[in-house]
Amino acid sequence: MTSPLLEVENLCVEFSDDQGSVRAVDRVSFQIRPGQTLGIVGESGCGKSVTSLALMGLLPQPAGRVVSGSVRLAGTELTRLPEKRLRHIRGAELSMIFQEPLTALNPVYTIGAQMIAVLRRHEQLSRRAARDRAVDMLRRVGIPLPEKRIDEYPHELSGGMRQRAMIAMALSCRPKLLIADEPTTALDVTTQAQVLEQIVALQQELGTAVILITHDLGVVAETCDSALVMYCGQVVEQAPVAALFDSPRHRYTQALIEAIPRIRPQRPDRLPVIPGTVPDLAELPQGCRFAPRCAHADDLCRQRQPALEQMGRSHAACFHPAGNQREPS
Amino acid sequence: MTAAMLEVHDLRKHFPVRGGLLRRSNEVLRAVDGVSFEVGRAKTFGLVGESGCGKSTLGRSILRLIEPTSGRVILDNTEITGLDATALKRQRKHMQMIFQDPYASLSPRRTVGQTLDEPLALHHPGDATERKRRVLELLDIVGLGATARHRYPHEFSGGQRQRIGIARALAVEPKLIIADEAVSALDVSVQSQVLNLLADLQAGLGLSFVFISHDLAVVQHVSHFVGVMYLGKLVETAPVDRIYSLPAHPYTRALLDAVPVATPGDRGKRLVLQGDVPSPLRPPAGCPFHPRCPEAMPVCARRIPRTIDLGQDGQPHRVACHLHDPEIDQ
């Protein structure tokens with residue numbers, strides 16, 4: 001087994017203002033190996049995007065900061081790296097794409113100018129060579145007529161094409177790790193299918209590891225090797241995708257999978273629901289954070305926080321997990 | 001007296017677009033281009049399609065929130081198109097709309113009680129005690145407590161705000177509600193709560209819905225009848241079970257195929273559509289879907305397909321595709 005490319009250990013992120021501070025990410029740990037795809041799923045406010053921004057060293061300043069824990073990329077500790085060195089790593093070894101490419105792309109420069117700037121900075125290529133590489137990347141992400149499109153501005157491209165250009169830019173320096181935060185959420189289903197296929201194909205070709213952040217369990221099932229499920233800043237379950245969908249352990253994962261509206265031959269009269277709403281991070285329950293919404297919660301759950309434990313092929317933090325017995329590891 | 005709550009006949013909404021040198025070129029964007037369908041009493045018509053297909057414009061044209069260019073809309077035997085402003089205002093209480101982002105459609109300066117009271121005062125200027133009773137009743141129907149009356153929209157979560165939007169739509173006792181991406185901004189766990197609420201309201205109050213969404217799984221769950229829209233036209237309409245089990249139009253099949261399946265290992269078998277939706281300013285000649293269609297024939301680039309009814313047992317299943325036209329030689 002290859003050694004991990006990225007190791008995240010007990011990562012804690014807090015946001016503070018004059019009202020006090022809230023912990024948006026609480027003791028998150030995971031690893032990812034080269035070429036692997038890891039999904040991070042959860043509902044709004046669960047900490048999935050904050051986790052990715054912390055990995056990139058892009059937490060909004062000065063409100064957000066990593067209070068403890070470590071992030072190691074190929075052995076290099078990132079959390080204490082000076083901004084100058086981090087800037088060198090971002091783009092070259094670690095790259096990110098966002099939900100709305102129009103806000104991530106600079107509207108006053110052409111797609112090509114932005115790609116060439118990145119390539120020249122990180123790879124010291126000549127202008128000519130950088131342009132050739134940029135055209136090649138645009139072609140690989142499925143943009144028709146890349147020699148022409150490279151000289152267009154972001155607003156001239158459709159949503160799907162912009163997201164492809166973003167992917168081309170993010171992968172142009174062949175990073176070891178790509179973080180994709182809801183990359184297809186703003187796209188139509190037919191375009192989403194194209195873009196996801198493109199990410200998977202390029203990843204296989206270039207051997208890039210991918211962290212895919214999404215609220216859509218269907219996207220996770222189709223593209224990821226393994227997944228983390230987050231709730232209120234904590235990892236509640238981590239498992240290979242097959243295990244996650246076949247036998248979810250945490251009661252939240254189980255309820256979430258049941259609640260997905262999916263196309264089925266027989267329509268149920270009522271959709272299964274999770275009662276209540278996600279609690280405010282400033283007013284978290286004392287025990288398991290899912291307990292107030294959980295049908296299986298008892299006094300133990302309301303008083304103590306469960307720790308992540310191995311259950312079969314999964315790890316879950318639940319006192320009353322689904323699936324009858326805890327298999328030995 | 002017909003059975004349908006809503007009838008839409010050949011509705012069109014064309015927007016003039018000025019552009020080019022000195023704004024002299026006059027193009028026409030056919031956002032809604034000859035759409036016809038019916039919605040039964042206490043039934044839901046699901047309207048699906050990709051962004052820019054005209055589904056939201058269609059919803060707004062039905063309510064005359066934007067004025068349709070031509071065509072007829074009949075709500076419960078009253079023709080809405082052609083009503084003068086006063087008469088239209090009187091009919092508005094029978095048809096309401098729920099929007100995607102409830103936060104943007106609620107006034108931040110008004111308490112929920114004030115927001116709900118406004119349509120009541122407008123359409124039923126009764127006494128204040130009666131209106132207050134009705135506000136409390138509405139909050140109860142949508143599952144918000146009486147205390148919500150004194151609170152402001154920012155104090156609520158996304159799902160609760162959508163309940164406020166629903167309560168406001170119900171305030172005037174409508175017959176028809178047009179829900180435009182009403183649950184799209186909500187998290188999965190909250191989305192199903194709101195969908196169940198809409199189902200309860202339909203059963204309890206006999207409401208008809210036009211449910212506009214890009215999410216095919218949600219549409220399958222809520223609809224009795226489904227219409228698929230592409231570049232301003234309905235390309236297929238059928239009862240929900242039929243369209244999901246036997247989709248006839250290649251575009252419907254591609255849409256269904258593109259939905260991510262929450263079952264690992266099912267990937268890699270699908271038909272992925274190539275290209276993007278063309279600009280509705282210059283739709284392709286012939287069938288508007290032909291440049292992306294995996295089954296396109298030479299005739300598709302030349303002739304606009306007519307609508308064929310494949311329905312059985314009195315249940316219409318209309319599809320606008322040459323593949324199903326017996327007069328087209330394949």
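Author: Helices here are DSSP runs of H or I with at least four residues, and strands are runs of E with at least two, numbered from the N terminus. By that rule chain B has 9 helices and 12 strands. This is a predicted model: local features need pLDDT of at least 70, side-chain atom pairs count only at pLDDT 80 or more, and totals for chains, interfaces and linings use all residues. Residues are numbered from 1 along each chain as its sequence is written, and chains are lettered from A and ligands numbered from 1 in the order in which they are written.

Reader: What radius of gyration does chain B have?

Author: The radius is taken over C-alpha atoms, and the globule rule is 2.2 Å times the number of residues to the power 0.38. For 330 residues, a compact globule would be near 20 Å; chain B has 21 Å, which agrees. Its C-alpha atoms fill a box of roughly 70 × 55 × 50 Å along the principal axes.

Reader: What percentage of chain B counts as buried?

Author: Count the other C-beta atoms, placed from the backbone, within 10 Å of a residue's own: 20 or more is buried, 12 or fewer exposed, and in between partly exposed. In chain B, 43% of the 330 residues count as buried.

Reader: How many residues of chain B are in contact with chain A?

Author: Two residues are in contact if their C-beta atoms, placed from the backbone, lie within 7 Å. Here 36 residues of chain B meet 36 residues of chain A. On the chain B side, the elements giving two or more residues are helices H6 (188-205), H7 (216-222) and H9 (250-258). The largest share, 7 residues, comes from H6(B).

Reader: Which classes of residue make up that side of chain B?

Author: Ala, Val, Leu, Ile, Met, Phe, Trp, Tyr, Cys and Pro count as nonpolar, Asp, Glu, Lys and Arg as charged, and the others, Gly among them, as polar. That side of chain B has 18 nonpolar, 12 polar and 6 charged residues.

Reader: At what angle do H8(A) and H9(B) cross?

Author: Axes are lines fitted to C-alpha atoms, for helices over the stretch in contact, and angles run from 0 to 180 degrees between N-to-C directions. The axes of H8 (residues 189-206) of chain A and H9(B) come within 8 Å and cross at roughly 55°. Under 35 degrees counts as roughly parallel, over 145 as roughly antiparallel, 65 to 115 as roughly perpendicular, and the rest as oblique. H8(A) and H9(B) are therefore oblique to each other. The contact is made by A:Val189, A:Thr190, A:Gln192 and A:Ala193 with B:Ala254, B:Leu255 and B:Ala258.

Reader: Now a pair inside chain B. At what angle do H3(B) and H5(B) cross?

Author: The axes of H3 (residues 112-123) and H5 (residues 158-170) of chain B come within 8 Å and cross at roughly 25°. H3(B) and H5(B) are therefore roughly parallel. Their contact residues include B:Leu116 of H3(B) and B:Ile164 of H5(B).

Reader: Backbone next. Where is there a cis peptide bond?

Author: Read omega. The bond joining A:Gln61 and A:Pro62 is cis, with omega about 0°. A:Pro62 lies in the loop between helix H1 (48-56) and strand E4 (64-73) of chain A.
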